[in-house]
Amino acid sequence: MKARIYYFLTAALLGGGIAHADATGQAKGDAKPVPAPAAQAQLPNPARPVSFTPPPADSIPNDDFGKMVKKGEQIFVHTQENARQYVGNSLNCVNCHLDAGRKAGAGPLWGAWPAYPAYRSKNKHVNTFAERLQGCFQFSMNGKAPPVGDEVLVALETYAYWLSTGAPVRQAVEGRGYPKLAKPAAAPDYARGQKLYAQHCALCHGADGEGQASGGKAVFPPLWGAKSFNWGAGMHDVGNAAAFIRANMPLGLGGTLSEQEAWDVAMFMDSHERPQDPRFTGSVAETRKKYHDEPTSMPPRKLSPDLVLNITRKSPRPTFASSRERRAVRPLV
Amino acid sequence: MEKCHGTHGAWRYAACLVFVGAPVIAVAQQAADGGAIAAKGTAGGATACVACHGVGGEGNPAAGFPRLAGLPQAYLVGQLGNFAAGKRQNPVMSPIAKQLSAAEQKAVAAYYGAMAGPPITRKQDDNPKRTDTGAWLAVRGRWENNLPACLQCHGPGGGGVGPAFPALAGQSSAYIAAQLHAFKDGTRPGGPLDLMKAVAAKLSDTDIDAVSNHFGSAVASAGGPAKEAK
């Protein structure tokens with residue numbers, strides 16, 4: 001059984017099942033092009049991105065518009081404090097969108113804003129940028145979507161819009177999203193990832209992915225467990241996580257890990273329990289089939305229902321399996 | 001050592017007692033002596049910590065001696081080890097660290113680690129002015145140069161995070177500047193993952209002055225080291 005699953009994953013990864021791993025980023029017309037949950041909105045001319053530099057961080061205008069920009073920036077950096085009512089974990093937007101959403105290759109807001117409205121396979125309709133932001137709150141922040149028109153949403157939209165000053169609309173821009181990685185030479189491996197995690201990641205994120213806080217404020221984000229992003233988040237897609245890690249981790253030492261190492265450690269990270277997908281249907285298998293039917297979203301595929309945290313729908317308290325149980329059912333070790 | 005529990009003659013048993021006895025004594029010292037080492041030094045010749053680091057471990061900003069109070073035990077043990085091995089080059093601390101046994105290093109580190117950390121003020125954490133290079137580097141970093149902000153690892157207000165990222169708050173400008181230069185020059189190990197080596201390499205002398213003053217100015221403006229109630 002184990003061998004079969006392993007074979008499946010290997011075949012899937014090597015066989016071009018990862019729609020977004022294509023170097024040009026172009027949509028493929030081949031069989032079952034189901035993009036990963038985090039798949040970006042498609043743009044014309046993806047192979048010819050233009051370069052862009054956002055306005056200097058200290059040039060926010062000193063007027064009523066600028067006040068809203070500033071408010072958005074502060075929500076983005078201190079999400080826990082400034083948008084508490086919509087957040088269900090310990091993360092801040094800036095954890096994955098470095099430099100207050102300005103850094104190329106770290107999901108910059110100036111790469112996202114000009115790409116919306118866009119059709120997203122994640123929810124199969126055209127999403128406005130506001131709806132895209134709502135998704136961040138529901139999945140990455142494991143919280144609640146701020147209603148359209150809510151000041152939190154308005155402020156974030158305004159900040160992203162301001163950062164995009166002068167950016168071409170509906171045109172691929174260099175540095176957008178995370179730099180895509182090629183398919184790994186070897187299938188991502190949990191054991192290799194575990195070792196790499198201990199060497200390169202545990203210093204900040206903790207031996208058990210719990211993150212670290214100081215003065216009551218999360219400093220290093222939890223990577224799994226009750227206080228991290230949920231099963232529906234883009235970062236739960238191993239390809240997406242590997243791309244982020246390769247470009248940006250450890251903080252300030254991006255590019256330290258090889259691409260293979262980034263795949264391995266991303267796979268390790270995403271193989272842990274985390275809050276349930278808010279779209280959970282009551283059945284892990286069904287939810288998986290409906291929303292996570294890609295090889296790079298594999299981890300809970302083989303886990304029993306109680307192993308995926310179920311904070312948002314069912315139980316008020318997260319339940320973890322014992323580490324022994326976890327080992328026993330871990331599919332890909 | 002394993003043979004101590006075998007069935008051997010009395011003379012062998014006595015020899016075992018000698019071997020086993022030494023660590024037992026060291027352990028006893030460790031349990032009792034952290035505060036005593038700090039206050040009086042050791043029989044092995046190590047100078048009392050308080051002579052330079054202050055009665056409450058508050059440091060001596062004018063002389064550039066760092067604050068020890070509230071720094072994580074693991075961090076202090078690591079630094080004592082670096083001093084003793086000559087990896088962190090310092091003519092004052094190297095001989096002292098060498099005179100401390102491993103157990104004594106651990107004990108004195110635990111003593112300072114258990115003290116209260118520096119008062120943290122976060123009032124400068126938000127909305128720094130770009131013209132204030134020190135504040136900007138502390139809060140925002142310089143990501144176009146892949147340089148993280150100090151607070152991203154050292155925590156809100158520079159209050160320190162976990163065992164590996166010591167507080168910057170409470171340290172003097174002179175001490176912080178000296179350490180950044182030492183990281184840059186390689187006279188101090190770069191810390192876990194060589195993170196500080198990478199950071200310091202991206203700082204100019206002007207940057208170092210600015211960011212050291214950002215964190216150290218609170219200590220200096222307080223008119224000297226804050227007295228710890230002991």
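Modeller: In chain A, 70% of the contacts with a separation of 6 or more are between residues 24 or more positions apart, a contact being two residues whose C-beta atoms, placed from the backbone, lie within 7 Å. This is a predicted model, so local features need pLDDT of at least 70 and side-chain atom pairs pLDDT 80 or more, while totals for chains, interfaces and linings use all residues. Residues are numbered from 1 along each chain as written, and chains are lettered from A and ligands numbered from 1 in written order.

Colleague: What is the corresponding share in chain B?

Modeller: There, 62% of contacts between residues at least 6 apart join residues at least 24 apart.

Colleague: Why are H6(A) and H7(A) called roughly perpendicular?

Modeller: Their axes, lines fitted to C-alpha atoms over the stretch in contact, with angles from 0 to 180 degrees between N-to-C directions, cross at roughly 115° and come within 10 Å. Roughly perpendicular covers 65 to 115 degrees, so H6(A) and H7(A) get that label.

Colleague: Which residues make the contact of H6(A) with H7(A)?

Modeller: H6(A) brings A:Phe129, A:Ala130 and A:Leu133, and H7(A) brings A:Leu153, A:Leu156, A:Glu157 and A:Ala160.

Colleague: How many residues in chain A count as buried?

Modeller: Of its 333 residues, 52% do; buried takes 20 or more other C-beta atoms within 10 Å of the residue's own. For chain B, the buried share is 42% of 230 residues.

Colleague: And how many helices and strands does chain B have?

Modeller: Chain B has 10 helices and 0 strands, counted as DSSP runs (H or I, at least four residues, for helices; E, at least two, for strands).

Technical notes:
Angles under 35 degrees count as roughly parallel, over 145 as roughly antiparallel, 65 to 115 as roughly perpendicular and the rest as oblique. A residue is buried if 20 or more other C-beta atoms lie within 10 Å of its own, exposed if 12 or fewer, and partly exposed in between; C-beta atoms are placed from the backbone.
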